[in-house]
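Thanks for coming, everyone. Please bring up the model on your screens, and we'll go through it chain by chain.

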Amino acid sequence: MTEQKRVLLGILLATGVGWLLLAWLPLRKLGPAGASADGAPFGRAALGGEVYAANGCASCHTQVVRPPNLGSDIARGWGARRTLPSDYREEHVIPLGVLRLGPDLSDVGERRTDPRWYYRFLYDPRVIYPGTVMPSYRYLFARVPLLGTPLPDSLPLSGRDAPRPGFQVVPGPEARALVAYLLSLKRVPPGETGKTP
Amino acid sequence: MAETLESKETPVKVSSGEVDPSLRAPFLWLLGPAAVWLSVATILALLGSLKLVDPRFLGTWGWLTFGRISPAAFLSFVYGFGIPVGLSAALWAVTKGGRLPLLGRRWCLASSFLWNVGLWGGITGVLAGESRSLSWLGLPTFSLPSLGLGYLLSAGWLVAALVSRWEEASLALRFLLLGLVWIPWAGGAAALMLHDPAVRGVAMGSLEWWFNDGLLYAGLGAFALGIVYLLAPSSLGRPLAFSGLGRLAFWTWALFANLAGTAHLVGGPFPLWMVSLGVSSRFLLWVAAVAVGVGFWVAARRLPAEKREWDPSWHFLRFGMSSFLVAAGLGALLVLPAWSRYVHYTVLEEAQLVLFLYGFLGMTFFSLLYALLPQLLGRPWPSPTLSKVHFWLSSYGISFLVGLLAVGGLFQGVGLDEPDLPVHDVIVLLLPFLRSAAAPATALLAGHAVFGLHLLWLILESGSSRRGDEETALAHADIEGVRTP
Amino acid sequence: MNCEDQPERRGQEISSKERLPCFFLVFSTVIVLFAGGFFLRYSGGLRWDVYDASGYLAGLPRPTATSAVLAGGPAQKPAAVNPIQVGQDVYQANCAACHQPTGQGMSGQFPPVAGSDWVNGDPRVLAAMVLGGLQGPVRVAGAEYNGMMPAWKTVLNDAKIAAVLTFLRQSWGNHGSAVEEDQVKSVRAETANHAAPWKVEEVETLGKSAGKEAK
């Protein structure tokens, strides 16, 4: 075999080793129970995962609770135990994240249970945390005419956020999906507060 | 190859007949759009930086939300600028500095067209909210067929030519081959797996990081190292020292670049051995990097006296190699679990990425452009001052950007480790650093703009003095016109 | 892994034209041995169900800091922090979305907390409402509201609830007494088996019965 073919083969093999160890074996060992999509999440929360990915939430938020010896995540109340592969077993969106410019979100559905809080926060984060760098996600909301009493989920806006008289702001379909996804983030199953296996 | 490249030592005297005219079009079709993408990437990066200065900047338009422009900036830098320049390096190497013909060169035009159409669609898709948030795999699905076909159309001919014109002991060709082959192999495997509905769970995370680190180290990093080996004989007057050690470094690089990705997942939902494998691989990559660096500095010690004066290609190359060594060292040291609790998920890791992307890859690619374009267009660079300005703006921009992010990252890491300190307060602590980072980002943009103007000047000059190739030059000038305000 | 044989193979290279710098040999040997040793030490037996490691290089927990928080924390903290300040932060983060940063609420949707008799009245009733949530029609400051406030007992601890109640009762012109952590704790214990959100009538009876007991 000539040298160039050896080099070419070597490159292909080295890449194959990486693929085998970091993609194929984890898929077999840590992946979903079956190849069929039965257990995969569906409905509004699954759509919300796509909204989460598409808007780059993972640019600033992680979804990984590290064990106590690798960070103060548990002491901060971001989760009861470290994140395990089973927490993600059937999910299509795996936003582990790279940077923490905001809190970890792996258990946020446990900490914040009121959808209206999320809507208000996404609409204008600076009302709740003055000076935060989190962008406003106003484009996920719709401004509709106010007919009679406000709709049940219209946002309680005042001051600079208040819409023009005769209008109200309601969450759009993407905001609803995103909040459904965030509320579904309860990665520690109920009753399990236990330790890492 | 050495003698071919050594003729480059005096670019002023290069005659216009040196580059085979049939190769001018493929080069220009690769490099022209690359220059446009470079400015797109820098402008997007600057917008992202300004969004951190004030999140209300540019209002609340979904297309320009921070979570979309920040990945779009990185993606357009890597796919729009990095890969085409890497392909041009391979084209330069297999045609022996543009002297030999390339069999499939006509396909290069179709390739460039498909690649850029795919990328425009892809980046627009990311901004429109079609991304799946998979870092370097984040381009939307609909852009992938066009990108893949575009890449294969040029890389296929390049690999064939590279294998048939192989030179024993040429490290440049090895590294270029690694880059050429790794990207479609891994990119194809990753893209196919990610679109299989049966693929779920954390394996998607390790796949993502295998590709991320592989693309940076084994893909673009290999291109850049190939450029270092390619340019060294002309820039230094001699090849890099210790070629045997270089071969060893090559194999270490090719294998462990594929395993290093899990180092990002310290504390993540992965078995201990996967994380440790990543951490150990980062250290072995560091050794390989230092092995290349030793060869470089030993060769550079006997630099000919005239090189010590201003030579843009050499200065960019030297800055790139320094960044490379620092980035490889940081890449190894930062992931050690002992202090990963302080530095993981902070902007210190971002600093390492910026140093590798802009400091090593970007500056090395510029070094190639400064050496290649005068020969391609048959004219020297019109103004040494402009190239100096470009160099100083870029090098100061990158240094300050990395420094600010690194120091800010330490504050952020120590703050995040303190459980009683609210996250909001930690970020407020970090904000002055993020906000001041807008200044070096602006310097970087200004540097790239200077380069763009200089390039335009060079092209216009060569276009006005040449009849035969006016057509390609004008076509290129049109593309350039899009970018210049 | 080919790390073991690297130093020897490098040794052969020295004989060719250039001599490898000494520092590089030392550096590469140390790092290669370190990388190999690190992987062997923290390989977790290559098992798929081992996630954690301990030891200096795997990251040590911070026993000093943690124990300080556990032991000395509660004793020092109340002296160090102002409950009004804590309460304002908790209010801003949890309550301001509906009741507004000004405490004025939204007409027709969310009742005001500024000038509300509920807020200025019996602290035990107020604590029960915040702990368990409130549902159904309620009259506040002369206007009818019919909404639903979520329960906060799983989200906020006693100290934080006490702080936010104190903040509510002493801001925007309210002049109630401060609320102590122990008061919230006793209300939480008393209402522990009340799962659903309160109705106004239920909460009122709670306040009366408690008042009788106290007398």
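Which residue follows helix 7 of chain B, and is its phi positive or negative? It is Gly237(B), with a positive phi near 80°. Helices here are DSSP runs of H or I with at least four residues, strands are E runs of at least two, and both are numbered from the N terminus.

Before more detail, the ground rules. This is a predicted model: local features need pLDDT of at least 70, side-chain atom pairs count only at pLDDT 80 or more, and totals for chains, interfaces and linings use all residues. Residues are numbered from 1 along each chain as its sequence is written, while chains are lettered from A and ligands numbered from 1 in the order in which they are written.

Stay with helix 7 of chain B. It spans residues 203–236 and bends by about 45° at Gly221(B). That bend is the angle between axes fitted to the seven residues ending there and the seven starting there. Is this helix enclosed or open? Helix 7 of chain B is largely enclosed by the rest of the structure, because 34 of its 34 residues are buried. Buried means 20 or more other C-beta atoms within 10 Å of the residue's own; exposed means 12 or fewer, partly exposed is in between, and C-beta atoms are placed from the backbone.

Now chain A. Its pLDDT averages 86, and 91% of the residues score at least 70. pLDDT is the predictor's confidence in each residue, from 0 to 100. Watch residues 193–197 of chain A: pLDDT is below 50 there, and the stretch has 9 contacts in the model beyond near neighbours in sequence. A contact means two residues whose C-beta atoms, placed from the backbone, lie within 7 Å.

Chain A has 6 helices and 2 strands. Their order along the sequence is α-α-α-α-α-β-β-α. The radius of gyration of chain A is 22 Å, whereas a compact globule of 197 residues would be near 16 Å. That radius is taken over C-alpha atoms, and the globule rule is 2.2 Å times the number of residues to the power 0.38. Along the principal axes, the C-alpha atoms of chain A fill a box of roughly 80 × 45 × 40 Å. Of its 197 residues, 51% count as buried.

UniProt, in an unreviewed entry, has "domain: Cytochrome c" over residues 43–186 of chain A. UniProt positions use the numbering here, feature names are shortened, and annotations may be inferred rather than shown by experiment. That stretch of chain A is 27% helix and 7% strand.

How many residues of chain A are in contact with chain B? 66, against 68 residues of chain B. Helix 1 (3–30) and helix 2 (44–54) of chain A each supply at least two residues of that side. Helix 1 gives the most, with 18 residues.

Last, chain C. It has 10 helices and 2 strands. Of its 215 residues, 32% count as buried. UniProt lists residues 20–40 of chain C as "transmembrane region", again from an unreviewed entry. In the model those residues of chain C are 90% helix and 0% strand, with end C-alpha atoms 29 Å apart.

Chain C touches chain A too: 22 residues of chain C are in contact with 23 of chain A. Helix 5 of chain C gives the most to its side, with 3 residues.
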